[in-house]
Amino acid sequence: MDRNQIIGLTLMFAVLAVYFTWFAPDPPEPTEATETQTIDTKAEGSIEGIDSTATASLVTQNPAEVDSLKDAENLSKFGALAFAASGEEETYSVSNEDLEITFSNKGGTIEKVVLLNHLDTKGDPFVIMEPAKSVLNIALDQNGKKLSLNDLTFQPTSNQKGDTTEVLYTADNGNIKIQHCYQIPAKGFSLGYKLITKNLDGIVGSQGAYFNWFHKVNHAEGTIDDSRLNSNVRYYMASEEYDELSERSEDYEEATLSSEIKWVSFKQKFFTIGVIADEVFQSGFVNQKVDPADSTTVKNMSMALNIRKEAITDGFGLTYYFGTNKYKTLKKVTAEFEENLDMGWGPLPLVNKFLIIPIFDFLQGFVGNYGLIIIILVVFIRLILSPLTYKSHMSMAKMRAMKPELDELKAKHEGDMQKQQQEQMKLYQQVGINPLSGCIPMLLQMPILFSLFFFFPNAVDLRGESFLWANDLSTYDSIINLPFEIPFYGDHVSLFTLLMTLSTLLYTWSNSQITTVQGPMQTLQYIMPVMFLFVLNSYASGLTFYYFVSNMTTFGQTMLFRRFIDDKKIHKTLQENKKKNATKGKSKFQQRLEDAMKAKQESQRTSKKKKK
């Protein structure tokens with residue numbers, strides 16, 4: 001490993017340090033069903049929020065008087081919608097290949113959603129939404145007063161249209177009608193929704209309606225701290241502007257969305273809940289906060305989105321998403337919905353989208369073991385990068401061949417660094433060595449290196465997948481749980497991270513035997529792997545396993561290159577270049593470097609004279 005490669009690694013670690021510190025198609029329009037059947041529902045539990053003393057006093061009254069009193073109260077509270085104010089809560093569930101969705105007739109809303117093919121920390125199907133932790137409702141504006149549709153009782157029916165199940169919740173007195181229409185496809189994580197109304201013009205005020213959702217993100221991963229650092233509210237404006245609340249913050253965060261909104265999501269590490277408007281939400285407000293006392297909840301999140309009056313009276317549609325953060329799946333939902341998957345910054349998302357993810361998905365179609373997929377991915381990427389790696393090794397070989405001449409220059413101009421650098425650059429120009437040729441290939445490889453730091457920890461396909469001693473490739477592989485926590489390291493020992501560090505040290509030692517690196521730089525190249533041991537100990541074992549395999553593959557590749565690179569032949573070629581270029585003038589690049597060095601030297605001399 002030469003000086004240029006050390007600089008490249010230092011730059012890579014600096015970027016990592018900064019990061020770790022701061023940082024479906026539209027549903028079809030509901031049509032009149034040819035066959036409609038009433039859903040057989042079952043009442044569950046009792047009605048909450050009723051005072052027991054008040055109930056007891058009502059029992060002693062005449063039933064007719066009780067009904068009359070309730071009617072009067074409902075008329076006062078709900079006005080023309082009082083006809084739908086009474087009734088016991090009943091639930092109804094519908095399943096497809098991926099979801100089980102439970103609806104409630106109170107509000108005609110979604111009450112619970114289970115991901116059938118994904119497990120939680122207890123090994124049960126993952127409940128992504130449940131009544132105890134999530135409240136979803138639409139509230140109508142009645143001249144400044146909000147009327148929640150969750151206070152109304154709707155009558156359920158269902159239809160089967162091809163492979164789509166249509167669930168209808170209707171409140172209708174022959175004049176006024178409010179209907180929730182849900183469309184559940186045979187598979188997938190999206191379901192369509194349409195709010196159909198009749199004769200609400202005189203009931204709904206100028207503010208239209210409010211789509212409200214308070215949600216506590218369930219803890220479904222091994223470490224809640226990591227889950228909290230990867231969960232937040234995200235949103236996309238109709239003006240094609242994407243934004244989000246701070247992902248790594250545990251403090252209260254909020255945002256007022258004053259312009260039209262296309263979608264809002266509650267994103268966690270591997271799963272997302274989202275709502276996507278067919279057209280737009282007029283405006284909105286979102287917030288989030290961590291409750292440290294609640295170890296079963298990752299973050300508390302909420303959204304309050306305004307729906308225009310015209311949209312309510314004409315028919316308002318949207319799509320719900322309850323699913324995984326898989327790129328291909330998110331990409332099909334709506335524009336920019338793939339932003340719910342963290343793929344990095346700058347050019348890194350492009351590397352993940354067009355290189356890492358396609359290769360990984362292709363391999364999944366042929367290989368069932370994810371450990372083997374990672375090994376094949378390493379080999380494939382190393383083959384792609386082999387021309388750059390070979391060029392870097394050639395640069396190192398040239399530097400080794402010129403070591404005797406470089407040592408002579410250092411001895412001749414000992415104590416004069418400026419002169420040493422000038423003579424070195426002159427020698428490089430004469431023999432045809434580009435001093436940056438060893439660093440540039442490494443810099444070109446860095447986007448792939450960094451993109452993997454985002455891909456593996458966020459790859460839902462690795463969640464729960466085991467390999468060797470690692471029970472879950474999406475989190476760290478602990479072989480020893482320590483009785484105490486080591487600062488910056490953790491309370492466990494990750495074997496893949498340890499193997500990655502040892503293999504890096506082995507590769508570094510092997511290179512140091514044939515490089516010209518000396519002094520502090522030689523020590524630094526051993527410090528870097530140890531620092532990564534601390535940084536990556538709590539990272540996804542899929543990532544550290546990848547780097548371990550990559551190190552061993554690179555080590556083997558280096559041994560192969562050494563068999564084909566003849567240092568004596570390279571030295572002879574460089575000496576011939578030196579003779580040919582001895583009479584040639586300096587290149588523009590060489591001249592600029594020398595001018596810069598001379599200017600710096602002159603500046604230093606002037607500074608010394610002023611001090612005297």
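This is a predicted model: local features need pLDDT of at least 70, side-chain atom pairs count only at pLDDT 80 or more; totals for chains, interfaces and linings use all residues.
Select strands S3 and S4 to begin: together they form a hairpin with 3 residues between them, where strands are DSSP runs of E with at least two residues, helices are runs of H or I with at least four, and both are numbered from the N terminus. S3 (residues 90-95) runs antiparallel to S4 (residues 99-104), and 5 bridges join them, two strands being counted as a pair if DSSP finds at least two bridges between them.

Residues are numbered from 1 along each chain as its sequence is written, and side-chain values use heavy atoms, with hydrogens and water left out.

Ser104 has Thr109 in S5 as its bridge partner, and in the hairpin of S4 and S5, with 4 residues between the strands, Gly107 takes a positive phi near 90°. Going on to strand S6 (residues 125-129), you find 4 bridges joining it to S5, again in an antiparallel arrangement, with Val113 opposite Met129 in S6.

Now move to the loop between strand S12 (190-198) and strand S13 (209-218), where Asn199 lies. Its phi is near 60°, a positive value in a residue other than glycine; most residues other than glycine have a negative phi. Asn199 counts as partly exposed because its relative accessibility is 44%, given that buried means under 20% relative accessible area, exposed over 50% and partly exposed in between, with a 1.4 Å probe and protein chains only.

Helix H7 (residues 348-364) is the next stop, and it bends by about 35° at Ile357, with Pro358 following within four residues; the bend is the angle between axes fitted to the seven residues ending at a residue and the seven starting there. Among the buried residues of H7 are Leu348, Ile356, Ile357 and Phe360.

Finally, select Leu468, in the loop between helix H11 (439-458) and strand S22 (478-486). Leu468 has a phi near 55°, a positive value in a residue other than glycine, and at 60% relative accessibility Leu468 counts as exposed.
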